[in-house]
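Please examine the sequence and the model displayed below before reading the explanation.

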Amino acid sequence: MTTKTTWPVARVLRNRDAGLYLSGVVVSGFGTSALWLASGVWVKDLTGSDGLAALCMLAMWLPTLAGPLLGTLADRSRRRPLLIGVNLLLGAVLLALVRVDAPDDLWLLYAVLFVYGAAGVLHDAAESALVASAVEPSLLGDFNGLRTTATEGMKLLAPLAGAGLYAAHGGAGVALLDAATFVLAAGLYTALRVREEKAAPPTGSPRRRTAEGVRHLWAHPVLRPLVLAGGATMLCAGLNGAMVYAVVDGLGHSPAYTGVLYAVQGAGSVAVGLLSGPALRHLGNRRFAASGIALLALAVALRAVPSDPVALVCSAAIGMGLPAVLIAALTSVQRETPGALLGRATATAHTLVFTPNVVGLAAGAALVELVDHRLVLVALGVALLVTAAPLCQSPARAERTVSRSSSDASPA
């Protein structure tokens, strides 16, 4: 067996541009994860309000709804300069948080977090499009898996570092750290050697250009089922996430035990990121996604069993199963979408996939007070199996479509 076949991850890491991308993900992801934790704690310390602390996450997630519009911006300019500019903008905007030291200043924190979320949507759209032009199509699954590994790895390390920095220097210290990571990420993107053509002049009305990403995803026989399955999976994942404190209570532990479960889940996500490239080549996008959703279904349902070993195994399985459909969907979007449309398609896919997660979290927060969480978990397991079933149908036809080059994909 050749090295090319045996070590695809090594081939990705040897690609200079891919290595720089992943380094940027690690650096900026560290700061983002640290701020994600610190912002809620910061608001809680200033106000004592759980509701106001929860608004931090809402402020960061809300711009996801504008994904199609922000993706249009990513398609109207060269992606490398856009990535550099977005990172420098975030580095500058975060400096404003040093002024937040009283409840009356919270509007500034929420405003910065909203800009942070919008810039993140734009950044992800531009990055996905640029990666698709820099990494071999056959290695996109490996790259996206490594990106998941890097992101989840930072989620394991950064919150601890952020908590320590917050305890020592307050929220302003964490904001300054995050600003520094974005400046460093901008420097890494500056070193990229990707050659880009100048974006073509826009045609049609702004509304029509924005809607092109939606039309492409909906009309494509491979992308539509994957994106829909991703959205349904994330809805169930949000509902499942809202049950975690009830699960911990059923185990007889304090709420702090949720940190252990999330750490084990993160370790599972790190592992599946390393395995996703070979799994995608062996199973194909649809079956890889279906396998991950089925594993997630089993793990979610078994969380109803009040046992520590079962809970830990289920957390690891959730960490491994959940990213599968996300990696499969993103890789398919990159392979099956023309470059000029890829920013809009990626941002639209993110909107359709991740918005249901927020809905699920909100609905789950209400449902857990009304219904026994064990019944909800078993019902979610069944719903996830139903979600996985269509992806198991006619895989041969779907794989024939995936085998086409992205330049053959129709935007209509």
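The paragraphs below treat confidence, a surface patch and aromatic pairs in turn.

This is a predicted model, in which local features need pLDDT of at least 70 and side-chain atom pairs count only at pLDDT 80 or more, while totals for chains, interfaces and linings use all residues. Residues are numbered from 1 along each chain as its sequence is written, and side-chain values use heavy atoms, with hydrogens and water left out.

The predictor's confidence in each residue is given by pLDDT, on a scale from 0 to 100. The protein has an average pLDDT of 82, and 89% of the residues score at least 70. Over residues 1-6, pLDDT stays under 50, and the model has two contacts (heavy atoms within 4.5 Å) beyond four places in sequence for this stretch. Residues 398-412 also have pLDDT under 50, and for them the model has 32 contacts beyond four places in sequence.

Two or more residues of the patch come from each of α4 (50-61) and α7 (106-134); helices are DSSP runs (H or I, at least four residues), numbered from the N terminus. The largest share, three residues, belongs to α4. Leu62 lies in the loop between α4 and α5 (67-75). Why does Leu62 count as partly exposed? The reason is its relative accessibility of 40%, since buried means under 20%, exposed over 50% and partly exposed in between.

A pair of aromatic rings is described by the distance of the centres and the angle of the planes. Rings of Phe, Tyr and Trp (its six-membered ring) pair if their centres lie within 6.5 Å; planes under 30 degrees apart count as stacked, over 60 as edge-to-face and the rest as tilted. The count by this rule is four aromatic pairs. One of them joins Tyr21 and Phe143 edge-to-face, at 6.2 Å centre to centre and 85° between the planes. Because Tyr21 lies in helix α3 (residues 16-47) and Phe143 in helix α8 (residues 140-190), this pair ties together parts 122 residues apart in sequence. Tyr21 is buried, at 0% relative accessibility, and Phe143 is buried at 1%. The pair of Tyr116 and Phe182 is edge-to-face because the ring centres are 5.6 Å apart and the planes at 80°.

Conventions. Buried means under 20% relative accessible area, exposed over 50%, partly exposed in between (1.4 Å probe, protein chains only).
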